[in-house]
Amino acid sequence: MKQVKVLGPGCARCKTTEEMVRAEAVRLGVDVSVEKITDYEAIAQFGIVSTPGIVIDGKVVHSGGLPKADDLRRWLQA
Amino acid sequence: MRARAVRSPTLRPGSRRVIALGRKLHVMASQAHPLKRSPGMWLGGIAIALILWFALYWQLQPFARWAVAQMQAPQGSAFASSVEFFLYDTPKVLMLLTLVVFAMGVVRSFFSPERTRAILAGKREGLGNIAAAGLGVFTPFCSCSAVPLFVGFVSAGVPLGVTFSFLIAAPMINEVALGLLFALVGWRVALTYLAFGLIIAIVSGWVIGRLHLEGWLEEWVQNIRAGDVDLQPENMSWVDRLEAGLDAVKEIVGKVWYWIIAGIAVGAFIHGYVPAALLSRIMGADAWWSVPAAVLIGIPMYSNAAGVIPIVEALLGKGAAVGTVLAFMMSVIALSLPEMIILRKVLSMKLIAVFVTVVACGILAVGFLFNALFS
């Protein structure tokens, strides 16, 4: 089970990112738990500068803007 | 996330078919992937798009004249000239915007906030302020990222004043506004806007840094120690960068077009109905109080940068002083209430007040200087 965290204060793009992660995980049949982190302090502790960010199993894989579908698949299957 | 739209019982069969069609097209598009990513296709597509763009662009003025001539309004009336301004400027500004945003989207793919931070983290004040202001122009930045960005910079050891130089330059020197000014008003005003915007960001950031206000940050920001990220370096091909340009067009033009139409409507009204004599008395170079008034009016006003430009164009056409108009524009863009509310999460009220005061003084200085130089 992959622990996915989506970092973002709640802007439109952050919500879209979360939906993309869930949809892609369902499509690939990967078991994930997706957690949304909206607290600024918690976001800052991951060291990212722009949101939305994606953290998979404790590792920051993406920051700023919507992720690309190709990349998402790669991260979720890794 | 469930596909809510399809399950919704209120959808008519027709719209279901549209959704299904959209799905099919999407699948086809992703299967056509190798073709879509070929550089030749992209270059050819861009060349054709540019030719069409220019062919269309040169027809806009004749079209607006023709359309106005079809109306029953008397030639040269205030109404006719307003309508002509609107009909000519709307497609013109939208087309220019598309071109500028595409080019900027490609340029911006070379910059990222993470990279900017890495460059600024080792810099001292002074040089750091200059670098921060310059990077602020090109680094992709949206106001909903203002807080993570601020915290990310400060916690990585970027000095407070340098962070402010970035934070002032990023919204104030808007590359879309710059491109539109260049195309609509001329290169002199555009370059002056760029130069003075940079100077304000550099000097304001430097002043804030000299005041040593680190203690006025919210407490959690002072204590935070951000972890290191090492994101894999993105290997972007040219096709990726062109795609980034296209994405920028979809996102930005899709978001700001109504601001622009509202701005053009105001511009058209000014163009047709506001007497030049009145405007040059209120906003002319001789009225010294017009600069502070323009800044004060601009602070609570919030508009997308792109929406202000048609107003700027109309005001300048009516003989308003350049310094006053630029002061108004910068105040509208750089000092926005929504952004301050967002920044309240990391800055104390005192620090926000200092920020607004320093930037407002900078804009005032630019307005006065400009009116003195160009009148």
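Mentor: Two strands count as paired if DSSP finds at least two bridges between them; strands (E, at least two residues) and helices (H or I, at least four) are DSSP runs, numbered from the N terminus. The model is predicted, so local features need pLDDT of at least 70 and side-chain atom pairs pLDDT 80 or more, while totals for chains, interfaces and linings use all residues. Residues are numbered from 1 along each chain as written, with chains lettered from A and ligands numbered from 1 in the order written.

Trainee: Which residue in β4(A) is the bridge partner of Ile54(A)?
Mentor: Start from β3 (residues 53-56) of chain A, which pairs with β4(A) in the antiparallel sense over four bridges. There, Ile54(A) has as its bridge partner His62(A).

Trainee: And which residue in β2(A) is the bridge partner of Val6(A)?
Mentor: Here we look at β1 (residues 2-7) of chain A, which runs parallel to β2(A) over six bridges. In β2(A), the partner of Val6(A) is Lys36(A).

Trainee: Which element gives the largest share of the side of chain A that touches chain B?
Mentor: The contact (C-beta atoms, placed from the backbone, within 7 Å) takes 19 residues from chain A and 21 residues from chain B. On the chain A side, α1 (12-28), α2 (40-45) and β4 (59-63) each give two or more residues. The largest share, five residues, comes from α2(A).

Methods. Contact = placed C-beta atoms within 7 Å.
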